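Here is a walk through one structure, taken one region at a time. Keep the view open as you read.

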Protein chains: 2
Amino acid sequence: MEKKPINVAIAGLGVIGSGVAAVIRAHESEGAPIRLVKILEVNTDGPYAKPFYAQFPGLFTTDLKEILNDPEIDVIVETIGGRGFSKTLIEEALNHGKHVVSANKDLIATHGEFLLEMARNSEKHFLFEASVGGAIPVIRLMENYFSLSDVEEVSGILNGTTNYILSEMDEKSVEFEEVLKEAQAKGFAEQDPTNDVKGYDARYKILILIYLITGKWVPIDEIGVEGIDNLELSDFEYAERMNCKIKLIAYFSRQKNFMDAFVMPLMVPRDHILSKVGGATNIVTVKGKYSDEISLIGQGAGSHPTASAIVSDIYKIRETDYSFNPPWQDHPFTLRPFSEYIFKHTLRIDINDQPGIVGDIGSILAKYHINIYALEQLPQYHHREGNLEKTVFHLTLEACQEGIVRKAVEEINNAEYMARPVFVLRELYH
Amino acid sequence: MEKKPINVAIAGLGVIGSGVAAVIRAHESEGAPIRLVKILEVNTDGPYAKPFYAQFPGLFTTDLKEILNDPEIDVIVETIGGRGFSKTLIEEALNHGKHVVSANKDLIATHGEFLLEMARNSEKHFLFEASVGGAIPVIRLMENYFSLSDVEEVSGILNGTTNYILSEMDEKSVEFEEVLKEAQAKGFAEQDPTNDVKGYDARYKILILIYLITGKWVPIDEIGVEGIDNLELSDFEYAERMNCKIKLIAYFSRQKNFMDAFVMPLMVPRDHILSKVGGATNIVTVKGKYSDEISLIGQGAGSHPTASAIVSDIYKIRETDYSFNPPWQDHPFTLRPFSEYIFKHTLRIDINDQPGIVGDIGSILAKYHINIYALEQLPQYHHREGNLEKTVFHLTLEACQEGIVRKAVEEINNAEYMARPVFVLRELYH
């Protein structure tokens, strides 16, 4: 029996919403079973809404009730963003028997548990493929492909803006602030870039993936986060000589009784697939007990790529009855304290030069039984400020517990020759 | 309502079948709703079967009827291989109301249309995720994620053995025959490597993907194929200077009224993701009209990775009722003749040296209005055989239709200074 087309309303016609409208209209015109029937947008004069409004004024409404009470509408696509009206809208939509599709990672990471419980009670789909990795189908695969109990590790580049900035710093040897400004001018970074450069955006996304894999909503503050705004060119140059790239990695892994999770710039060996993805491209690598590493690469943002994921969710709703089959095996595990994680740490040491510093730092590290794996002090980093001789050098430690390194770093920071506190970069250690 | 566990029989306990048995047993022991209830295997003394037989002799049978007539068995996993008994077994399984999972790309590419029609008539699943890309979930994504009418292009490295050989040739500067021997010794290549090195294995796989995207079973001989066994180190050296890698690419694309498909070694620019996947790893890149490029990377072979895809199919059967909803929009398109494809061609010219050859070849190319894009003749390729001065050089042509280049090459091949026929390598041109 041929199913009838699915009727869609879009709430919010910004960069993503207008992409969704464009893809649905294109599919409609090719005879696909999907219809755009309403657009909720107050500002019909905005750069994305305006051309649509000119063509299809009849689709537009400013009244949410008109959409909620229209029995013909099957799905509401929430592309408003934020956690305010968007949350109310999704609640109302579910209450009125509509399915909901959203790309709003912020909202989902914060209120996903509540909203999914609502969806479950109303037996309606609440789908959000586009919220993690844009066009990359990582959520679909978590739901339909991976044996979740076999997923051991997920690591990914989940924020395009920061990957673009890091790639530019690396390739063009330009410092962070300058690349950021240029990215803002090009529209690749927001005017307030905090969410991206501090790693918060990637943290929302790894939190959503952790829910999909384990069924647990981790309190967001428990996931350690470090941004990319403290990275300097000397770090990239050192990474290069260590045969690594620096990437902002969102990470999850689990052992029998605990799990690890963080978002942090990491040194990634150059032969690893994560280091090979540059520009604004995203990647998610899922390591399964049997499948080995499976990587998914694609555009993590942008109007059309994000829209393609949203439209895929809409077709999924058309093809699948709602059902809630928790795929997780219930397992009592907790997030391990970050201080227990093991990394290969690289320290950037910024000093007012004087004899004996390397010896002193070596002694402090030795006291904590930390071995040095590599050290490089290069003449070009020497410079004079007033009558101070200053320099920067990097050293990499053998794999060691985070907590121990922190103690040693604290002690190094107290030394009077330190010009700035030690900057710590990490590399995964398996 | 909690569904009951799914009961599985495995037919053929070789490298893949034993992997499936191991994964199912592990899942069983962790409480997952899956049971291994029978194994069809005549040779219980083989390297893969023997340890299982020692532990679970009661699971083994040599009688297919015992499996077919067991009402408790839901799914039969076909891991026998070939197109003989495996085909009979799948037919019988479907006739007896069993679902079937197979990784047998050869069989599916040859008899998939017939077997899927049988499955449809019996309303049973016939799934084959593991047949393309091993652990890479490309088939699942074609079925559940991509809007198939938007898929414009698929290009992939779908054969691990040849990717391993090409990577070794490139990295270690060793000629094909030697790498092949070493790969055979390590078990990375079969004793009869024809299927892999001639590109036939990859052609089965692209044929299956074309079916999934378009609903059409293309006659296999219509898909042009070229192997990797004519590649020489000088080609890799030239590719390196052209900033390319050489990869065996399985390719599909379509325009409004026709489609292109082939399997062939291509020069791939080094900044493209396809060139970054080395060793035996596989990659599939799917270009959608809206999603842009999405790449999937993972292990394309091996006992456990392949088994993980098969087990995923088994869970899918447990969770999904059979339904046949052709996702394709019917569209009358045909395979375009290979002679009409456009590439950037590279010619390897192997000559008995004498004055005037470059001029002569240039004149022949000019006659066909073919422009030379790059040419390199290096002193190290000069050598003397008897009283012949021999050398090899490469030239790259500007983008041109295959058929025109073939005519020019034919004419060049007739020149008396040619020591061997021209070898042609191609690069995609968009």
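This is a predicted model: local features need pLDDT of at least 70, side-chain atom pairs count only at pLDDT 80 or more; totals for chains, interfaces and linings use all residues.

Which residue just after α7(B) takes a positive phi? B:Ser173 does, with a value of about 50°.

Helix α7 of chain B covers residues 160–172. These 13 residues reach 18 Å from the first C-alpha to the last. That is close to the 18 Å expected at 1.5 Å a residue. Now look at the surroundings of the helix. Ten of the 13 residues of α7(B) are buried, so the helix is largely enclosed by the rest of the structure. The buried residues are B:Gly160, B:Thr161, B:Thr162, B:Asn163, B:Tyr164, B:Ile165, B:Leu166, B:Ser167, B:Glu168 and B:Met169. What do they pack against? In chain B, their partners include three helices, α8 (176–186), α9 (194–197) and α11 (233–241). The strands β7 (151–157), β9 (244–254) and β11 (281–288) of chain B also pack against these buried residues. The N-terminal end of α7(B) is capped by B:Asn159. A side-chain oxygen of B:Asn159 lies 3.3 Å from the backbone nitrogen of B:Thr161.

Stay in chain B and move to helix α12, residues 303–319, where B:Thr306 lies. Is B:Thr306 buried or exposed? Its relative accessible area is 5%. Buried means under 20%, so B:Thr306 counts as buried. A polar atom of the B:Thr306 side chain lies 2.7 Å from the backbone oxygen of B:Gly302. Leaving aside neighbours within four places in sequence, B:Thr306 is in contact with B:Ile16, B:Ala103, B:Ala130 and B:Ala301.

Next come two helix pairs, one in each chain. In chain B, take helix α5 (residues 105–122) and helix α10 (residues 200–214). Their axes come within 7 Å and cross at roughly 30°. Angles under 35 degrees count as roughly parallel, so α5(B) is roughly parallel to α10(B). On the α5(B) side, the contact uses B:Lys105, B:Asp106, B:Ile108, B:Ala109 and B:Leu116. They meet B:Asp201, B:Tyr204, B:Lys205, B:Leu207, B:Ile208 and B:Tyr211 in α10(B). By class, the residues of this contact are seven nonpolar, no polar and four charged.

In chain A, helix α4 (residues 85–95) packs with helix α5 (residues 105–122). The angle is about 10°, and the axes are 10 Å apart. That makes α4(A) roughly parallel to α5(A). From α4(A), the contact takes A:Ser86, A:Lys87, A:Ile90, A:Glu91, A:Leu94 and A:Asn95. From α5(A) come A:Leu107, A:His111, A:Phe114, A:Leu115, A:Met118, A:Ala119 and A:Ser122. This contact of α4(A) with α5(A) has seven nonpolar, four polar and two charged residues.

A:Asp292 has a phi near 65°, a positive value in a residue other than glycine. A:Asp292 sits in strand β12, residues 292–299 of chain A. At 34% relative accessibility, A:Asp292 counts as partly exposed. A:His369 also has a positive phi, about 60°, although it is not a glycine. Where does A:His369 lie? It is in the loop between α13 (357–367) and β15 (372–377) of chain A. At 74% relative accessibility, A:His369 counts as exposed.

Key: Residues are numbered from 1 along each chain as its sequence is written. Chains are lettered from A and ligands numbered from 1 in the order in which they are written. Side-chain values use heavy atoms; hydrogens and water are left out. Axes are lines fitted to C-alpha atoms, for helices over the stretch in contact, and angles run from 0 to 180 degrees between N-to-C directions. Helices (H or I, at least four residues) and strands (E, at least two) are DSSP runs, numbered from the N terminus. Angles under 35 degrees count as roughly parallel, over 145 as roughly antiparallel, 65 to 115 as roughly perpendicular and the rest as oblique. Contact means heavy atoms within 4.5 Å. Ala, Val, Leu, Ile, Met, Phe, Trp, Tyr, Cys and Pro count as nonpolar, Asp, Glu, Lys and Arg as charged, and the others, Gly among them, as polar. The expected span of a helix is 1.5 Å times one less than its number of residues. Buried means under 20% relative accessible area, exposed over 50%, partly exposed in between (1.4 Å probe, protein chains only). A polar contact is a pair of N or O atoms within 3.5 Å; within protein, one must be able to donate a hydrogen and the other to accept it, and residues adjacent in sequence count only if both atoms are side-chain atoms.
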